[in-house]
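Morning, everyone. Let's walk through one model and look at charges and strands.

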Amino acid sequence: MRSIEVVKHKKKAVSSRYAFPWKYDSTCYNFQVPEEILTEEEAAVTGDPLDVTTSVIADDLDDYSFIRRFKNLKQLYIYRGEKLTDISFIEDLVFLSQIVVIRSNVESLEPLERLITRKINTPIPYGIEGICIQSDHELEMDKPRGIHIGELIINWRRV
């Protein structure tokens, strides 16, 4: 299993501390600290994308679509996504249990809702530990039924 941090340029110092929006500690304890540093170009073509279980992105990237290749991704942390408007790359990532997308311009939570529906209809032994989506756009979502979601935070409002 691989845990990666994706950066714009490898010359940038790697984050040694990560911010967590979670109220409860268990989600923090389950976080896998990235062991590899890849540029966005390297992440897009990395061998064995099914082996990536954690992806942390601290830079504002030009393209986030490579994330859809990480079919076994459990933890996705995007700390800076000003260019990010569409999160449709998460729709098929049914193993996701921690989703953080902050400082973004996400326009719609429909891809998240489709992911949750897929998770409900897939025999996965767990729900979602936490979802935190923050955007400069107005976003709202009710806590869905039929799946455990430990924490749901939309635009810094706990649902």
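**Salt bridges, then strands**

The count of salt bridges comes to eleven. Keep in mind that this is a predicted model. I'll take some of the bridges one by one.

Start with aspartate 62 and lysine 8. Their side chains meet in a salt bridge, 2.7 Å from N to O. The pair links distant parts of the chain, 54 residues apart. Aspartate 62 sits in the loop between strand S3 (52-57) and strand S4 (75-78). Lysine 8 sits in the loop between strand S1 (2-7) and helix H1 (25-29). Lysine 8 has 21%, so it is partly exposed.

Next, arginine 80 and glutamate 82. Here the salt bridge has an N to O distance of 3.2 Å. Arginine 80 is at 32% relative accessible area, hence partly exposed. Glutamate 82 is at 30%, and it also counts as partly exposed.

Now glutamate 91 and arginine 114. Their closest N and O atoms are 2.7 Å apart, in a salt bridge. Which parts does this pair tie together? Glutamate 91 lies in the loop between S4 and strand S5 (98-104), and arginine 114 lies in helix H3 (residues 110-120), so the pair connects parts that are 23 residues apart in sequence. Is glutamate 91 buried or exposed? Its relative accessible area is 14%, so it is buried. Arginine 114, at 34%, counts as partly exposed. Salt bridges with shared partners join Glu91, Asp92, Glu110, Arg114 and Arg118 into one network.

Glu113, Glu138, Glu140 and Asp142 form a negative surface patch. Glutamate 138 has 74% relative accessibility, so it counts as exposed. Its place is the loop between strand S6 (128-135) and strand S7 (149-154).

Which way do S4 and S5 run? They run parallel, joined by four bridges. S5 is mostly covered, with six of its seven residues buried.

Move on to S6. S5 and S6 run parallel too, and five bridges join them. Glutamine 98 has its bridge partner in S6, namely glycine 130.

Then S6 to S7. This pairing is in the parallel sense, over five bridges. Isoleucine 128 is partnered by isoleucine 149 in S7. S7 is mostly covered: five of its six residues are buried.

What about S7 and strand S8 (residues 157-158)? Here the sense is antiparallel, over two bridges. Isoleucine 153 stands opposite arginine 158 in S8. S7 and S8 form a hairpin, with two residues between them. Look at asparagine 155 in the turn: it has a positive phi of about 50 degrees.

To recap. The salt bridges number eleven, and one network takes in glutamate 91, which is buried. S4 and S5 pair in parallel, as do S5 and S6, and S6 and S7. S7 and S8 pair in the antiparallel sense. Over to you.

Terms used:
Residues numbered from 1 in each chain as written. Predicted model: local features only at pLDDT ≥ 70, side-chain atom pairs only at ≥ 80, totals over all residues. Heavy atoms only, no water. Patch = residues over 30% accessible without salt bridge, like charges linked within 9 Å, V, L, I, M, F, W, Y side chains within 5 Å. Areas by Shrake-Rupley, 256 points an atom, 1.4 Å probe, with all protein chains shown as cover. Salt bridge = Lys/Arg side-chain N within 4 Å of Asp/Glu carboxyl O. Lys, Arg positive; Asp, Glu negative; His and termini not counted. Charge placed at Lys NZ, Arg CZ, Asp CG, Glu CD. Buried < 20%, exposed > 50% of the residue type's maximum accessible area, 1.4 Å probe, protein only. Pairing = 2+ DSSP bridges.
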